[in-house]
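Open the model in your viewer and keep the sequence panel beside it. This tour goes from one selection to the next and says what is there.

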Amino acid sequence: MKSRKKISFASTMCMLIIMLSACGEKGTTNSIGKKDSPIPASEAFAQEGIWFYAEKPVTKDARIDAILVFDAQGNVTHYRTSHSRNDLKFGDLQDLSDEDILNLARERDKTLFELDMLDWTGKADYVIEECERMIEGDAGANSEFTATTQEALNANKAMKTRGEQFGYKEPQPHSFQLKIETDGTGNQTAKEALVYPYTSVSLMWQGYSFHSKLTMEEAEAWTPYKDSKWKVNLYPSAGAMTVYDMQFVSLGYLSKKIEGEHPGFVLDTPDTKGVKVD
């Protein structure tokens with residue numbers, strides 16, 4: 001009898017261990033939206049998703065500077081969403097679906113370009129009028145000054161005309177790279193950043209703005225499009241943040257809207273495939 005009880009007890013324990021193991025395997029996942037282990041940055045960005053770039057912690061009034069759309073093919077599209085006179089805030093996302101947010105990103109990127117053009121042409125008109133006033137006021141008293149100002153007038157007019165020929169260009173997807181900087185041992189991640197090419201619309205850069213001493217050479221070299229690299233520093237999540245009935249989890253300056261419980265995000269380790277180290 002004792003022997004049978006021992007066998008029965010052992011069998012029960014074996015079954016319990018198998019059941020617990022199965023549950024553990026089923027629950028351990030890195031899929032976004034599940035609990036368990038935090039999701040490494042490389043896995044998070046490898047999935048389709050919409051992320052919000054903001055330089056301040058998530059609150060209803062915090063400004064969203066850009067919306068980043070990942071396509072699960074190693075690419076990201078950057079949409080500019082805030083302007084000095086027209087901000088997008090986290091509170092504005094309430095009741096919006098992913099499709100709504102994508103449409104909003106496209107609309108705002110174009111709208112901000114148009115606002116920039118208004119500011120830019122206003123600046124152009126002011127400087128052109130100022131140059132004309134200076135020439136008229138000098139009335140040939142200083143031929144060198146008049147000649148220099150006339151060149152500036154012509155250059156400002158030419159740059160304005162050239163700028164009006166540039167139309168809006170919708171942002172395109174670009175491949176991104178995750179970069180890790182290790183600590184003193186070389187074995188642990190000290191910093192991680194997301195880096196990708198970005199073509200910004202910068203109507204006044206490298207000094208090529210409208211001014212009373214603009215040269216024709218500067219005017220002809222000017223372009224509103226500036227190619228650069230966009231770098232976003234990443235940090236592990238510090239819990240979910242709530243705005244109205246929405247929840248967000250951050251990975252440094254990037255935040256993602258989530259549904260239900262979420263394990264959060266962590267930095268990649270130096271041995272992560274596809275990540276550039278140091």
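How much space lies in the largest pocket? About 380 Å³. This is a predicted model, in which local features need pLDDT of at least 70 and side-chain atom pairs count only at pLDDT 80 or more, while totals for chains, interfaces and linings use all residues. Residues are numbered from 1 along each chain as its sequence is written, and side-chain values use heavy atoms, with hydrogens and water left out.

**Stop 1: the largest pocket**

Select P171, Y198, T199, S200 and V201, which are the closest to the centre of the largest pocket among the 18 residues that line it. A pocket is defined on a 1 Å grid over the protein atoms alone, as an open set of points where a 1.4 Å probe fits, with protein on both sides within 12 Å along at least five of seven lines; lining residues have an atom within 4 Å of a point. Grid points are joined across faces, edges and corners, and the volume is the space filled by probe spheres set on the points.

Now colour the lining by residue type: nine residues are nonpolar, five polar and four charged. Here Ala, Val, Leu, Ile, Met, Phe, Trp, Tyr, Cys and Pro count as nonpolar, Asp, Glu, Lys and Arg as charged, and the others, Gly among them, as polar.

Which elements each supply at least two residues of this lining? They are β4, α3 (98–138) and β7. Strand β7 gives the most, with six residues. Helices (H or I, at least four residues) and strands (E, at least two) are DSSP runs, numbered from the N terminus. The chain has five helices and 13 strands.

**Stop 2: strand β7 and its partners**

Select residues 189–201, which are β7, and then residues 177–182, which are β6. The two strands pair in the antiparallel sense over six bridges; two strands count as paired if DSSP finds at least two bridges between them. Six residues separate β6 and β7 in their hairpin, and G186 in the turn has a positive phi of about 80 degrees.

Y198 has S228 as its bridge partner in β8.

**Stop 3: the sheet of seven strands**

In what order do the strands of the open sheet of seven stand? The order is β5-β4-β3-β2-β11-β10-β9, with antiparallel pairing. At the edges are β5 (174–175) and β9 (241–243), each with a single partner strand, so one side of each has no neighbour in the sheet. Helix α3 packs on the sheet and touches β2, β3 and β4; its direction makes about 55 degrees with that of β4. Contact means heavy atoms within 4.5 Å, and axes are lines fitted to C-alpha atoms, for helices over the stretch in contact, with angles that run from 0 to 180 degrees between N-to-C directions.

Select residues 66–71, strand β3. Why is β3 largely enclosed by the rest of the structure? Five of its six residues are buried, where buried means under 20% relative accessible area, exposed over 50% and partly exposed in between (1.4 Å probe, protein chains only). In the whole chain, buried residues make up 36% of the 278 residues.

On one side, β3 pairs with β2 (residues 48–53) over six antiparallel bridges. Pick Y53 in the viewer: its bridge partner in β3 is A66, and Y53 also stands opposite L254 in β11. The pairing of β2 with β11 (residues 254–258) is antiparallel, over three bridges.

Strand β3 also pairs with β4 (residues 75–80), in the antiparallel sense over five bridges. Here I67 has Y79 as its bridge partner. The hairpin of β3 and β4 has three residues between the strands, and A72 there takes a positive phi near 65 degrees.

**Stop 4: two residues with positive phi**

Select Y244, in the loop between β9 and β10 (246–251). Its phi is positive, about 55 degrees, although Y244 is not a glycine. With 47% relative accessibility, Y244 counts as partly exposed.

Finish at D278, in the segment after β13 (276–277). D278 has a positive phi of about 50 degrees and is not a glycine. Is D278 buried or exposed? At 63% relative accessibility, D278 counts as exposed.
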